[in-house]
Each structure stands twice: as structure tokens, then as C-alpha cells.
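Please look through the structure below with its sequence at hand. The paragraphs that follow take it one region at a time.

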Amino acid sequence: HAQKTDKFMGEIVNYDESTVPAYTLPEILLTTKGERVKNTSIWEKKRRPELLALFEEHVYGKTPGSFDSLKFIVTNEKADAMQGKAHLKEIKITAWNKGNLVSFPVVLFIPNNRKKPAPVFLLINNRSNRNTDPTRAEKSTFWPAELMIDSGYAIAAFHHGDVAPDRKDSYQNGVLAHLFPAELEKDNGMKAIGVWAWAASRVMDYFKTDKEIDFNKVALVGHSRGGKTALWAAAQDQRFAMVFSSCSGSTGASLARRKYGETISLINKQFGYWFNNNYKKYSNDVNSLPVDQHMLIGLIAPRPVYTTNATEDRWADPYGSFLSLENAKPVYDLYGKKVALPKDMPAVNSPIINSAMGYHFREGKHDLNVYDWTNFIHFAKLHF
Ligand code: GTR
């Protein structure tokens, strides 16, 4: 028998569907000046830029548009990794701005058994970096590299903490302090999630230079805080052709206005350093937030997007995450994309694959596992 409320950080956490207060979502296809978005041209010229700017200003912060230079060095390579099945490359990405630099490592396996450049899945790894062990002495279901190689995909990862430490007292000590210190002074300056998303785009820059990678088929994957980041990164950087967001919850795929599980107030209390300063204003006033998370999904259109939830992860508000997809559908409709979401929450372990917006609600814990990756493969086979 599931508990209907909980207490956390001095707040009541609601898990009772029947007590979720009514709310009105801001309209996705109506510009702030009141113009109806009737076609993709108005969407792309007016509404899309407007929504991006609103997310920058009120939620994730503005990503600096430029920096001085970027360099890629392959620091280790093994042509016959995984018993000859894969080409391993470890890459050091270095970015410079105004005389300062930041470097971070990327691990990449590319299938050897292929005739063309390989499509690739890039994970923003927010767990232990042992999950992405290049030697394969350790194998993890969080990044099942062998499964991906056997399925014909390259698989890559970087560790989020290498660009912005995932701690409220030290998140600055990476890209922010070294490359973009001025952002730290601004209320709309990017914070940790902004930096993690920025780094995903730098890996994208690298893919463009690697002839073994199909640059037009880069799928971004993230779990939880990494799943929030994957959505934000792909919303901004349209070079990502596909996005998988696992259990991303509050300020990820779940609607902010639904009072269920983690709220803006709770996430700001615990993880304020992920979002810009302005976001704090909405802790006790979610209805004045000019966006909601269905709009973040809408910014990914018309590219295929897949989100997941887990039965034992009510904190991430699974239903609110499904509703986000449903409310982003009008944007996919503008592009004539096939979206086949059921009217109500899909049954457990019944993935929706044959739809530009995919989804599953699986049994189990807050995690990213082989069940998830297997469905990501099915989705990619259909939509890449
Ligand atoms: C939780 C946080 C969630 C989610 C999660 C994670 O504690 O409240 O929003 O991001 O961490 O990243 O695993």
C-alpha cells in the first residue's frame, strides 16, 4: 500500500493523484504577443526562439555563445577492443577562453563490423566513472557498451563532474570559473546543468571531426539530472538528432505545475546550483513561471525524443512526465510527425516505440538499465 504523502526538507511531498490541484499550462502554440503558431515557419522564427530565451532566463541560464578555441587529442586508442569488435578511442577535449582552459575526457567505442560511419549514443554520465570503463574490466548496465556495439551503434560518454562538479559548494570549479566567470555574477547565468549541456555540445563538435561517426545520427542519453541535461542540451543544439531522457523528473520531463513528487521548491532547496538564480523565484509561485516542461520537449521537435519512468520512482512524477509529452504533441503535429501516444498513462512495461515521441513506464527503481537501453535501440532502429 503506497504512502500518499511524505515529508522532506520541511515540506509535504504529495503522492496522491486525487489531491493534485488544478493548473493551467502556458500555451505552447501561442506567442507572448498573442499570435497563434499555425505552421512550422512561425514556430521556428518566433515561438521556438522565444521559448528558448524563456528557459534561459527563468530556468537553466543562458549558455555563452562563444569561446576562443577547441582542440581534440586522442589520448588512447585500441583498434581491436572488445575482442576485436570495437575501436576504442579516448579523447581529451580542451576548450580555451581568454587565456584559460578546461579539459575533459570522452570515451568512445565504435563498432568495427560496419560499412558506413556509425550512429552513436552519447551518455552524459552522472554516476561513477567506473560505469564507462574503457578497459572493460568493469562492465555496467548503466552504459552497456557491449550491447550497443553488438547492435551496430557506437557508444560514448563523458562524466558530468569533469566539467562542473556536482556539488553546491564547488560546481563553479570547472568550466564556469575558468572559461565563463562572468556568468557566475548573473541571475540568468548558467549553472551546473547549463555547463553539462554545454559540454555535450563540445562532444558533438568532436563527432563532426571523426570520420568513423555519422554526425547526422547522434543520440544524446541522460539519466535523472543527466536526463534533465540531455533535454536542455538537445533543445538548444539541434545537431542532436535524437534524445533519450531517463527518469528525469522535476525540471526535466515532468510538468512543473503538477504538485506531485519533487517540486521546484524542493529541487531548488537541494540542487539550486543546477539552475540559474531566477529559478528560485518560482519556488513558491510555480504558476507565474512563463514556461512549463512540455515546452522543453516541444523545443526538441521534430526530432525523435524518448522519455522513461519507473514504478518505484514516484519522486519523478511519472504521470506528469507522460503529460509533458502529450502537451508537446502539437509541435510534432505542426511538422506532420506521427505521434502515437495513448490517451492515458501507458501500462507498465509497455513501451511506445512506433511514435516520434516514445515513452515507457517500467517496473523497478530510479535507474538507467538494460531494459531501457534495449528499448532505446528499438526506437533508434525505427527512427534513425
Ligand atoms: C534526486 C533529485 C532528482 C534527480 C536525482 C538524480 O535526488 O531530486 O531531481 O535529479 O537526484 O539525479 O539521480
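**Backbone, ligand and rings**

Aspartate 317 is placed in the loop between strand 10 and helix 8 (318-334). The model is a predicted one, and in it aspartate 317 has a positive phi of about 50° although it is not a glycine. Most residues other than glycine have a negative phi, and most peptide bonds are trans. Is aspartate 317 buried or exposed? With a relative accessible area of 2%, aspartate 317 is buried.

Lysine 98 also has a positive phi, in this case near 50°, and is likewise a residue other than glycine. Lysine 98 belongs to the loop between strand 4 (86-97) and strand 5 (100-111). The relative accessibility of lysine 98 is 71%, so this residue counts as exposed.

The peptide bond between alanine 301 and proline 302 is cis, with omega at about 0°. Proline 302 is found in the loop between helix 7 (293-298) and strand 10 (305-310). Helix 7 also holds glycine 298, which counts as buried because its relative accessibility is 0%. Between the C-alpha atoms of glycine 298 and histidine 58 there are 17 Å, and the two residues are 240 residues apart along the chain.

Another glycine, glycine 358, lies in strand 11 (residues 357-362). Glycine 358 has a relative accessible area of 0% and is therefore buried.

Now the ligand. Which residues are around the ligand? They are Ser224, Arg225, Lys228, Glu262, Ile267, Gln270, Phe271, Trp274, Trp315 and His366. Sorted by class, this shell has four nonpolar, three polar and three charged residues.

In glutamate 262, an N or O atom of the side chain is 2.5 Å from an oxygen atom of the ligand. In lysine 228, the distance from a side-chain N or O atom to a ligand oxygen atom is 2.7 Å. Histidine 366 has a polar side-chain atom 3.1 Å from an oxygen atom of the ligand. On its own the ligand has 310 Å² of accessible area, and the protein covers 84% of this. Helix 5 (225-236) and helix 6 (264-271) are the elements that give two or more residues to the shell around the ligand. Helix 6 gives the most, with three residues.

Two residues of the ligand shell, Phe271 and Trp274, bring us to the aromatic rings. Ring pairs join Phe55, Tyr60, Tyr171, Trp196, Trp232, Phe271, Tyr273, Trp274, Phe275 and Tyr279 into a cluster.

How many aromatic pairs does a search of the whole structure find? The search finds 29 aromatic pairs. One of them is made by phenylalanine 72 and tyrosine 206, with ring centres 5.4 Å apart and 75° between the planes, an edge-to-face arrangement. Phenylalanine 72 is in strand 3 (residues 69-81) and tyrosine 206 is in helix 4 (residues 192-209), so the pair ties together parts that are 134 residues apart in sequence. Phenylalanine 72 has a relative accessibility of 26% and counts as partly exposed, while tyrosine 206, at 5%, counts as buried.

Rings also take part in contacts with arginine. The charged end of arginine 314 sits over the ring of tyrosine 15, at 4.2 Å from the ring centre. In another case, arginine 202 lies over the face of tryptophan 198, and the distance to the ring centre is 5.1 Å.

The last stop is serine 140, in the loop between strand 6 (118-125) and helix 2 (145-150). Which backbone atom does the side chain of serine 140 reach? It reaches the backbone nitrogen of phenylalanine 142, at 2.9 Å. The side chain of serine 140 is also joined to that of asparagine 131 by a polar contact of 3.0 Å. Serine 140 has a relative accessibility of 14% and therefore counts as buried.

Technical notes: Residues are numbered from 1 along each chain as its sequence is written. This is a predicted model: local features need pLDDT of at least 70, side-chain atom pairs count only at pLDDT 80 or more; totals for chains, interfaces and linings use all residues. Side-chain values use heavy atoms; hydrogens and water are left out. Rings of Phe, Tyr and Trp (its six-membered ring) pair if their centres lie within 6.5 Å; planes under 30 degrees apart count as stacked, over 60 as edge-to-face and the rest as tilted. Helices (H or I, at least four residues) and strands (E, at least two) are DSSP runs, numbered from the N terminus. Buried means under 20% relative accessible area, exposed over 50%, partly exposed in between (1.4 Å probe, protein chains only). A charge sits over a ring if NZ of Lys or CZ of Arg is within 6 Å of the ring centre and within 35 degrees of the ring normal. A residue is near a molecule or strand if one of its heavy atoms lies within 4 Å of it. A polar contact is a pair of N or O atoms within 3.5 Å; within protein, one must be able to donate a hydrogen and the other to accept it, and residues adjacent in sequence count only if both atoms are side-chain atoms. Accessible areas come from the Shrake-Rupley method with a 1.4 Å probe; for residues, only the protein chains shown count as cover. Ala, Val, Leu, Ile, Met, Phe, Trp, Tyr, Cys and Pro count as nonpolar, Asp, Glu, Lys and Arg as charged, and the others, Gly among them, as polar.
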